[in-house]
Amino acid sequence: MTNKTIKDFQQLMKELYLDRDQQRGIEKSLLWLQTEQGELINAYLKEDTSTMNEEVADIFAWLCSVCNLFKIDLETAAWSKYPDKCPKCMKSPCNCLAK
Ligand SMILES: [Zn+2]
């Protein structure tokens with residue numbers, strides 16, 4: 001499909017939306033991220049897989065926008081916390097007690 005990375009996608013969100021995201025601000029952007037999560041849950045409850053695909057993309061896009069505002073590199077943050085193993089038990093697959 002594509003060889004583009006998480007970093008590429010975050011950069012795209014920066015090019016498309018950074019000005020608007022900065023005008024909106026961090027707190028409202030965080031609210032939008034939360035709203036999209038609710039929309040994913042609604043789509044799941046309706047068993048609407050087409051909309052579920054759209055909502056996970058929206059969540060990821062908003063997460064990238066929030067990271068751009070925080071000046072966090074999402075790809076680096078994700079791989080730093082989850083370096084091919086569970087950050088708590090350091091095993092793959094995870095061997096922690098289920099919650
Ligand atoms: Zn674990």
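Helix H2 puts Ile 26, Ser 29, Leu 30, Trp 32, Leu 33, Glu 36, Gln 37, Glu 39, Leu 40, Ala 43 and Tyr 44 up against Thr 51, Met 52, Glu 55, Val 56, Asp 58, Ile 59, Trp 62, Leu 63, Ser 65, Val 66 and Leu 69 of H3 (contact here is C-beta atoms, placed from the backbone, within 7 Å). Bear in mind that this is a predicted model: local features need pLDDT of at least 70, side-chain atom pairs count only at pLDDT 80 or more, and totals for chains, interfaces and linings use all residues. Residue numbers start from 1 along each chain as its sequence is written.

**H2 against H3**
- Sorted by class, the H2–H3 contact has 14 nonpolar, four polar and four charged residues (Ala, Val, Leu, Ile, Met, Phe, Trp, Tyr, Cys and Pro count as nonpolar, Asp, Glu, Lys and Arg as charged, and the others, Gly among them, as polar).
- The axes of H2 (residues 26–45) and H3 cross at roughly 165 degrees and come within 9 Å (helices are DSSP runs of H or I, at least four residues, numbered from the N terminus; axes are lines fitted to C-alpha atoms over the stretch in contact, with angles from 0 to 180 degrees between N-to-C directions).
- H2 and H3 are therefore roughly antiparallel (over 145 degrees).
- The crossing of H2 and H3 is left-handed (the near helix is turned anticlockwise from the far one by less than a right angle; clockwise is right-handed).

**H1 against H3**
- H1 (residues 6–24) packs on H3 (residues 49–70) at about 70 degrees, with the axes 9 Å apart.
- That angle makes H1 roughly perpendicular to H3 (65 to 115 degrees).
- Here H1 passes H3 in a right-handed crossing.
- On the H1 side, the contact uses Phe 9, Gln 10, Met 13, Lys 14, Tyr 17, Leu 18, Asp 21 and Gln 22, and H3 supplies Ala 61, Cys 64, Ser 65, Cys 67, Asn 68 and Leu 69.
- Eight nonpolar, four polar and two charged residues make up the H1–H3 contact.

- Ser 92 and Pro 93 are joined by a cis peptide bond, with omega about 0 degrees, and Pro 93 sits in the segment after H4 (74–81).
- Asp 84 isn't a glycine, yet its phi is positive, near 65 degrees; Asp 84 is in the segment after H4.
- Asp 84 counts as exposed because it has 6 C-beta neighbours inside 10 Å (exposed means 12 or fewer other C-beta atoms within 10 Å, C-beta atoms being placed from the backbone).
- Met 90, also not a glycine, has a positive phi of about 60 degrees and lies in the segment after H4.
- With 10 C-beta neighbours inside 10 Å, Met 90 counts as exposed.

Key. Helix = DSSP H or I, 4+ residues; strand = E, 2+ residues; numbered from the N terminus. Parallel < 35°, antiparallel > 145°, perpendicular 65-115°, else oblique. Contact = placed C-beta atoms within 7 Å. Buried ≥ 20, exposed ≤ 12 C-beta atoms within 10 Å, placed from the backbone.
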